[in-house]
Amino acid sequence: MTCVKEVIKDADMIRLTNIHKTYQGAQPLHVLKGIDLEIKEGEFVAIMGASGSGKSTLLNVLGILDDYDEGEYTLAGTLIKNLSETRAADYRNRMIGFIFQSFNLIPFKNAVENVALPLFYQGVGRRKRNALALEYLEKVGLKDWAHHYPGELSGGQRQRVAIARALITHPKIILADEPTGALDSKTTVEVLDLLKDLHRQGMTIVVVTHELDVGMQADRIIHIIDGQVVLGTTEGQECEQQA
Amino acid sequence: MIDTLQEIYGELRRNRLRTLATGFAVTSGLFLLIVLLGAGNGLIHAFQQNLGDFAFDAIHVYGGMTTKPYAGNREGRRIQLDERDVRMSERNFAGRVGDVLPTLTQTPPSASYGSAHIASPSLIGVYPAYRRTMAVKMLKGRFINEIDLQQTRKSVVVGSNNCDHLFPGDASPIGKALNVSGVMYTVVGVFKANEMSNANEFYVPYTTLAAIYNRGEFIDQLTMTIQNIPSEAKMEQFTDDYYRTSAALHNYDPTDRRALWIWNQARDNIQMQTAMSLLHTAFWVLGLLTLLSGIVGVSNIMLISVKERTHEFGIRRAIGARPWSVVRMVMLESVVITALFGYAGMVLGILFCEWMDHSLGSQTLDIGVMQTTYFVDPTVDLLTCVRATVIIIIAGALAGFFPARKAVKVKPIEALRG
């Protein structure tokens, strides 16, 4: 069964060519063994694999949080290789929106301040970035919770704050690492609906998950087994619907 | 910049206890430094003031008793100074001594005025230059002058304490007749008596004393001002030279240090200056160690703080904080803490010094024979305070810099896991 989605655009948002990554140590660990991967603009892709398969490492490479040893990674036409930490920080700030399993909100900042923080690092003035942050909180339905601290929010609300924070810089891609891993089934649905909304607005989204339910929401599932992409796994929710 | 400061304010407010702990280390460090230096200065100033009346460039030479046989003479021979010693000192030590003044000392049974009397007054027969050499401070009237000497007048200069005792209630004792064991002297002046040196002395003209007590050519004591002898080593050299020359004159063993007594205030002075500067240094060392302990305190807390915040830094870096902006934030935090609390420590230290000046600085200590102030102007100059504050702020910046730089050297993903 093949599924070719007509609406996707030609441009590759992400292109990985023969990516290798080895963790050095007493026992060197070859985690990524030649990953070749293309993700088009506007795609919603799920990366799935067992724990230890290398899927998280792959996401870290995609998110410029970690480097790789061999191969080439191009993000939105920019070669991401051997960057200084300063350049990497700038690229992360402008091109990537992160959503983490554990939310990674700063506990002593309220929702607005957390959402506005990426703009602080772009040098946007306080008033302007707080106004924008409020706008994004409204989009994720948390306007009334704007001045609450993460500790006062539920898991689902925290993740929605994190999503607002990921969106505020208009990133090229959203990278989500087990975004529903810490949520119950009801809030999982809420968060996934939010991601699907973003997808419909044309955002490129990459989700790493080991939950098939979550993976099934994506256009395409990329299976990683033992550091390699397993071919012929182009599947997903919309294909199923067509079937 | 305002944004960054607001970031820092949020951070400091969140960690109130840590902020206070850091701040306390800084405040106490600076406070103690300033108080220690202030107290040290107070002691040194008091010491200098108490000794201010002494003539530090004077040495006194007395004849002694030989303890070694020499050139056919047995030990136990008295050495009596005379006019030759004056000429020898002037000729052989030109350049190293200034005035060479012979003095005579006589202790008659009493001095009295009316019903008031003093037992065993020390009559000192002096030359006019003695006042300058011994830094005698005149309160009233004049010192012994040339005419007193030429005319062998019976003039006397009385110490202020004896003056109070002998002439109670009198506005001025000048012109009064003082009966010194039957000889009537006219009081010509009053000098400020120092309990540690000249309180019981009565200065009379050298020639007068020599004539009345029939002292001939002999001299009790030589008082000399010394010049161009800057160190203890030079002073030792001078002493050795003096013994050698004097021994040749009086025919005694030049190594016999009991044949001649040299009371050397100048050497005492050099030692005292050394002791002062040692005291000064000791207070500085103590103060700087206190400051250092403050700096170590700040460094420790910054180290822990950065370690605790590894995860937060990971989040910040993941969403686009450059390494330098993280380092700068930590440094600024540290600088803000040290500057605020350092300033507080400085102000408290200065206030405490002022309080010491106010309360202890004016008190005198009665140690029986004399009264002394033991604390004078216990303050530190402002420049020193400001310098110390600046040093601790710089140290604070460095204390933030090194752990923060280490923290941003790990990959952001490791920081996020941490």
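Ser181(B) is partly exposed, with a relative accessible area of 37% (partly exposed lies between buried, under 20%, and exposed, over 50%, using a 1.4 Å probe and protein chains only). This is a predicted model, where local features need pLDDT of at least 70, side-chain atom pairs count only at pLDDT 80 or more, and totals for chains, interfaces and linings use all residues. Residues are numbered from 1 along each chain as its sequence is written, chains are lettered from A in the order in which they are written, and side-chain values use heavy atoms, leaving out hydrogens and water.

**Two residues with positive phi**
- Ser181(B) has a phi near 45°, a positive value in a residue other than glycine.
- Ser181(B) sits in the loop between strand 9 (177-180) and strand 10 (183-191) of chain B; strands are DSSP runs of E, at least two residues long, numbered from the N terminus.
- Ala76(A), also not a glycine, has a positive phi near 50°, and its relative accessible area of 31% makes it partly exposed.

**Where the chains meet**
- Chain A brings 28 residues to the contact and chain B brings 23 residues (contact means heavy atoms within 4.5 Å).
- About 2,300 Å² is buried between chain A and chain B, 58% of it from carbon and sulfur atoms; this is the accessible area (1.4 Å probe) that two parts lose on being put together, summed over both.

**Charged pairs**
- Four salt bridges are counted between chain A and chain B (a side-chain nitrogen of Lys or Arg within 4 Å of a carboxyl oxygen of Asp or Glu).
- One of them links Lys411(B) with Asp66(A), with the closest N and O atoms 3.0 Å apart.

Conventions. Helix = DSSP H or I, 4+ residues; strand = E, 2+ residues; numbered from the N terminus.
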